Amino acid sequence: MVRAYNIGDLREIARRRLPKGIFEFIDRGTEDEVSLRHNRAALESMRLRPRTLVDVSARSQSIKLFGKEQAMPIAIAPTGSAGLAWYEGEIAIARAAAKAGIPFTLATGSTTAMEKVASEVGGTLWFQLYMWPDRSLSYQLIERARAAGFEGLVVTVDSPVAPGREYNLHNGFTLPFSLTRRNAIDILSHPRWLATVLARYIATSGMPRYENYPTEMKQRITALPMGRAMMLNDNLTWDDLRELRRLWPHRLMAKGILCPEDAKLAADCGADAVIVSNHGGRVVDGTRAPIEILPEVVDAVGKRIAVIVDSGFRRGTDIVKALALGAQAVLVGRATLYGVAADGEAGASRAIELLRQEIDRTLALLGCPTIPALTRECLAHYPARYSQSVPEQRRESVS
Ligand SMILES: Cc1cc2nc3c(=O)[nH]c(=O)nc-3n(C[C@H](O)[C@H](O)[C@H](O)COP(=O)(O)O)c2cc1C
């Protein structure tokens, strides 16, 4: 077991184990990384307001999301290419999530096929969709997800074009994976990753590639710098979300919402949830942090649909702050990626367990034994215009 006492420790172990090109793909943001840094700064700038001498001996961090009890108020965010952090990393993280009783989201751009994750893991599975220009191929993909038993569809709406991640160009890593002169030295200087990740793929299924893509596309696409996923769609509109609502029989979430107007449109299209997210600072550089936008979105649509948030969450205190502002749950992306890179399934479990302990400790120290007890009163100096408390029954009423 790795010696990690917080997510920062797992990040440091991941940094040492992974080739630089892969670590930076996971860790970094876009362009000048203003959004990346600001996500953390915004969370760190918020202050908690503990109440004392409250009996907190019967603590619980369970929540009800979409009518289902789950043991913790978090879910795993979709992260394409998690399979490069560890051999079949998606399966390792999904197993850790299932054991912890929280949902796992598999990315369209994963290097493990959705049917394999569903049959080998189980648990609560959501599928993340990047729509392709040829809509019929995307519809086939969601039909596969439905048939495989995925319970939620997370439609990512924030990426009409490829982001500007210059470090990926410098580092020379591509997907489908290929050895280049530029990445060879990096890979050779991480022999453990070479032996336990890349060599295992080569010996079994071949070079890592997008396993959810239809067979003919898998063979056709040429390797592109990581993060420049093929065929992102720049003519996606609200009509597409409406059509997905018609086609998808289970929970539908719109991921990448950054203003209340769009949250209302998503609710009008029939989405069951919005995910307030700037993709962990990986798409537009220079947005407000999702934690700053969250209360506006909760006030706009929180009584109609679930509001979930992500981007920059590394500590239990961060998660508690979002829940106090009215989020139903928080997605974590890099936290479990660092964990899986550090020690496979055990590392991902460690990341989740660290967050569980930190949330538990924070609830006790705030005098709030349960998640529904968290309100905006738990935050100090909360700007008056956002001072409306989250109605307690809202958490129960959105199912
Ligand atoms: C390596 C990596 C790959 C990602 N791939 C996807 C993806 O394929 N689709 C998507 O909607 N979001 C993707 N994201 C964004 C996450 O779903 C999530 O919004 C973000 O990681 C949250 O921020 P955090 O990493 O600070 O927790 C990715 C994030 C990372 C770090």
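Helix H14 is followed by Gly326, whose phi is positive, near 110 degrees; helices (H or I, at least four residues) and strands (E, at least two) are taken here as DSSP runs, numbered from the N terminus. The structure is a predicted model, in which local features require pLDDT of at least 70 and side-chain atom pairs count only at pLDDT 80 or more, while totals for chains, interfaces and linings use all residues. Residues are numbered from 1 along each chain as its sequence is written, and side-chain values use heavy atoms, with hydrogens and water left out.

H14 spans residues 316-324 and is largely enclosed by the rest of the structure, because eight of its nine residues are buried. The term buried denotes a relative accessible area under 20%, exposed one over 50%, and partly exposed the range in between (1.4 Å probe, protein chains only). The buried set of H14 consists of Gly316, Asp318, Ile319, Val320, Lys321, Ala322, Leu323 and Ala324. Within this helix, Asp318 has a relative accessibility of 3% and therefore counts as buried. The Asp318 side chain reaches two backbone nitrogens, that of Arg314 at 2.9 Å and that of Arg315 at 3.0 Å. For such polar contacts, the criterion is a pair of N or O atoms within 3.5 Å; within protein, one atom must be able to donate a hydrogen and the other to accept it, and residues adjacent in sequence count only if both atoms are side-chain atoms.

The shell around the ligand comprises 23 residues, of which Pro78, Thr156, Asp310, Gly312 and Arg334 come nearest. A residue is assigned to such surroundings if one of its heavy atoms lies within 4 Å of the molecule.

By composition, the shell divides into eight nonpolar, ten polar and five charged residues. In this classification Ala, Val, Leu, Ile, Met, Phe, Trp, Tyr, Cys and Pro are nonpolar, Asp, Glu, Lys and Arg are charged, and the others, Gly among them, are polar. Helix H2 (20-27) and helix H15 (334-366) each supply at least two residues of the shell. The space taken by the ligand is the largest cavity, where a cavity is a set of points, on a 1 Å grid over the protein atoms alone, at which a 1.4 Å probe fits but cannot get out. A molecule is placed in a cavity if more than half of its atoms lie within 2 Å of its grid points.

Most residues other than glycine have a negative phi. Glu31, in the loop between H2 and helix H3 (34-45), instead has a positive phi near 45 degrees. Ser81 likewise has a positive phi, of about 70 degrees, although it is not a glycine, and is found in the loop between strand S4 (74-76) and helix H4 (89-100). Their accessibilities are 44% for Glu31, which is partly exposed, and 7% for Ser81, which is buried.

Further loop positions are also buried. His279, in the loop between strand S11 (273-276) and helix H13 (290-301), has a relative accessible area of 13% and is buried. The side chain of His279 makes a polar contact with that of Tyr130 at 3.3 Å. Ala271 occupies the loop between helix H12 (260-268) and S11 and is buried, with a relative accessible area of 4%. The C-alpha atoms of Ala271 and Leu252 are separated by 5.1 Å, with the two residues 19 apart along the chain. Pro176, in the loop between strand S8 (174-175) and helix H8 (181-188), is buried at 15%; its C-alpha atom is 11 Å from that of Tyr213, 37 residues away along the chain.

Ala195, in helix H9 (residues 191-203), is partly exposed, with a relative accessible area of 47%. Between Ala195 and Thr317 the C-alpha separation is 37 Å, and the two residues are 122 apart in sequence.

Technical notes:
1 Å grid on protein atoms, 1.4 Å probe; cavity = no way out; pocket = protein on both sides within 12 Å on 5 of 7 lines; lining within 4 Å.
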